[in-house]
Amino acid sequence: MKNPLDSLWGTVITGLVLTVVLYYLARAMMGG
Amino acid sequence: MEFLQYGIGRWVHIMAGVMWVGLLYYFNFVQVDALKAAAADNPPSGGGITKHVAPRALFFFRYAALVTVLMGLWILGGKADDALLFKERAYVPIGIGAWLGLIMFFNVWALIWPNQKKILGIVTATDEEKAKARRVAFLASRINTALSMPMLFFMVASGGLFRRAVFGA
């Protein structure tokens with residue numbers, strides 16, 4: 001599998017996905 | 001609607017602004033003087049980027065990171081532990097943003113700068129060491145680019161009406 005960080009758009013998509021994951025994590029930590 | 005306007009809208013507003021002003025500062029603090037110095041090289045060195053642009057850019061890059069983190073910790077003040085240890089519900093977003101910022105700061109000072117010194121010849125390195133340094137610096141830089149997106153999201157959604165609009169709390 002290619003490293004997504006080798007491409008600029010792969011990096012941007014990685015950042016977006018991480019934002020969504022952390023958003024739901026933060027909501028859970030804040031009690032829903 | 002408030003989530004879109006105050007959450008996504010403000011996030012994109014600040015990301016675009018960071019790119020705009022960051023490049024503005026790059027041109028003014030780095031490129032103009034660096035190219036002037038490169039043009040004055042006698043005989044021409046042909047090393048405009050490695051000799052003049054990159055060292056100046058990396059100077060402002062790493063010290064801007066340092067000032068950002070120091071000022072951020074100062075702003076958090078006595079609430080730094082509430083944020084970094086997620087002790088208070090309202091400090092969860094800024095805590096996540098602060099941790100992402102600290103990881104980025106580590107990458108700058110512990111990975112990018114030491115490896116860039118090898119790449120640019122500021123410290124001596126073999127060709128093999130330089131090749132490895134290029135890969136490490138590149139990946140650390142790409143990781144920071146990816147981390148900057150959630151970092152800015154949590155920074156801008158951490159206070160007052162913005163936090164209520166984005167997290168409902």
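In which hand of crossing does α1(B) pass α5(B)? That was my starting point today, working with a predicted model. I found that the crossing of α1(B) past α5(B) is right-handed.

**Entry: the α1/α5 pair.** I remind myself that two packed helices are described by the angle between their axes and the distance between the axes.

Next I looked up who meets whom. From α1(B) come R10(B), W11(B), I14(B) and M15(B), and their partners in α5(B) are L152(B), F153(B) and V156(B). Sorted by class, this contact has six nonpolar residues, one charged and no polar.

**Entry: facing chain A.** I then turned to the side of chain B that touches chain A. Here 16 residues of chain B are in contact with 13 residues of chain A. Both α4 and α5 (127-156) of chain B supply at least two residues each to that side. The largest share, nine residues, comes from α5(B). By class, I have 12 nonpolar, two polar and two charged residues on this side of chain B.

**Entry: α4 along its length.** Helix α4(B) covers residues 92-120, which is 29 residues. From first C-alpha to last, α4(B) reaches 40 Å, close to the expected 42 Å. I did find a bend of about 35 degrees in α4(B), at V108(B). Just after α4(B), I noted that G121(B) has a positive phi of about 80 degrees.

Conventions
Residues are numbered from 1 along each chain as its sequence is written. Chains are lettered from A and ligands numbered from 1 in the order in which they are written. This is a predicted model: local features need pLDDT of at least 70, side-chain atom pairs count only at pLDDT 80 or more; totals for chains, interfaces and linings use all residues. Helices (H or I, at least four residues) and strands (E, at least two) are DSSP runs, numbered from the N terminus. The expected span of a helix is 1.5 Å times one less than its number of residues. The bend at a residue is the angle between axes fitted to the seven residues ending there and the seven starting there. Two residues are in contact if their C-beta atoms, placed from the backbone, lie within 7 Å. Ala, Val, Leu, Ile, Met, Phe, Trp, Tyr, Cys and Pro count as nonpolar, Asp, Glu, Lys and Arg as charged, and the others, Gly among them, as polar. A crossing is left-handed if the near helix is turned anticlockwise from the far one by less than a right angle, and right-handed if clockwise.
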